[in-house]
Amino acid sequence: MRTIQWYPGHMAKAKREIAARLKHIDVVIELLDARAPFSSKNPDFDALSKNKKRLVLLVKADLAPDDDMHAALRHYEAKNTKALAINAKSRTTIKKIIHASRLLMEDVFAKEAARGRRPRAIRAVVVGIPNVGKSTLINTMAGRRSAPVGNVPGITRSMQNIRVRDDFELQDTPGILWPRFEAREIALKLALLGTIKDHLLPLHDVAAFGIRHLAATAPGAFIERYGVEADADDIAATLEGIGRRFGALQRGGEIDVDRVVDLFIHDFRDARFGKVMLDEVPDDV
Ligand SMILES: Nc1nc2c(ncn2[C@@H]2O[C@H](COP(=O)(O)OP(=O)(O)O)[C@@H](O)[C@H]2O)c(=O)[nH]1
Ligand SMILES: [Mg+2]
């Protein structure tokens, strides 16, 4: 299948903005979704941040299974990329990020000290695809509600530095990377997680993808929620079963498929089926 190119204008603009913004930055913090630690990565970003210290954060760690998530962390560490799993809402995250950033900056600061420069704060910026948790993390780091947080992908304005600690500053406007979809499967995963605006993929396909995933990984949780089995080979019957169970009917007694699809996708995003890993994580590292 050909590469889907959504938001080409946005992507070019975002790349220019991020490149300009990185000028005075020491550490670029790349946020990935812990439930899709490879699919939520924008491949352009590696080139953009080539000469910077980089820290990868698997965000929403509370929603992903520990084993797979730690295997994903090892995968990044094996590629010489410092990676941590975090919950963007938890205040313990602050120390972890500052500590990791200090380690990354040790060589730079040693060089600066040797040249007689006074110690200074680390300057960091957060980047990632929509809805990954950028604003939430910035709010946690800032210790107050300073950046708008929402469940709808969007763009934040204004740009300032937040002094998180004497030795650590964070830009209060995150860099938005539009996701790249080399394969339809990546698009389906990100749509299921709520990254892509809902009208860009047929929601029925997104739900079908999610139902197939749960049929393979969490059939019990599915039955517990809906009282019907997730049948990977008969999505229509599965949706029909949920609709009857929940009374999502139209006039005439036919089920309202759109409503059932909507219910399922929201349940999935709300972690109603337990912890989720959508990417295949190699466990050989
Ligand atoms: N469970 C969980 N939800 C999170 C976490 N971080 C962010 N969220 C939620 O993810 C949604 C998108 O977060 P937001 O910060 O607006 O993402 P942004 O578009 O990257 O700025 C919000 O509903 C947040 O509450 C996390 O670590 N765990
Ligand atoms: Mg935001």
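**Stop by stop**

Start by selecting strands β5 (residues 161–165) and β6, which pair in the antiparallel sense over 4 bridges. (Strands are DSSP runs of E, at least two residues, numbered from the N terminus, and helices are runs of H or I, at least four residues; two strands pair if DSSP finds at least two bridges between them.) These two form a hairpin, with 2 residues between them. Click Asn-161 and you'll find Gln-171 of β6 opposite.

A word on ground rules: this is a predicted model, where local features need pLDDT of at least 70, side-chain atom pairs count only at pLDDT 80 or more, and totals for chains, interfaces and linings use all residues. Residues are numbered from 1 along each chain as its sequence is written, while chains are lettered from A and ligands numbered from 1 in the order in which they are written.

Now show the side chains of β6 (residues 168–171): are they buried or exposed? Phe-168 and Leu-170 on one side, and Glu-169 and Gln-171 on the other, are all buried (20 or more other C-beta atoms, placed from the backbone, within 10 Å of a residue's own). In a regular strand, side chains alternate between the two faces of the sheet.

Last stop: colour by pLDDT, the predictor's confidence in each residue, from 0 to 100. The protein's mean is 89, with 90% of residues at 70 or more.

Note on methods
A residue is buried if 20 or more other C-beta atoms lie within 10 Å of its own, exposed if 12 or fewer, and partly exposed in between; C-beta atoms are placed from the backbone.
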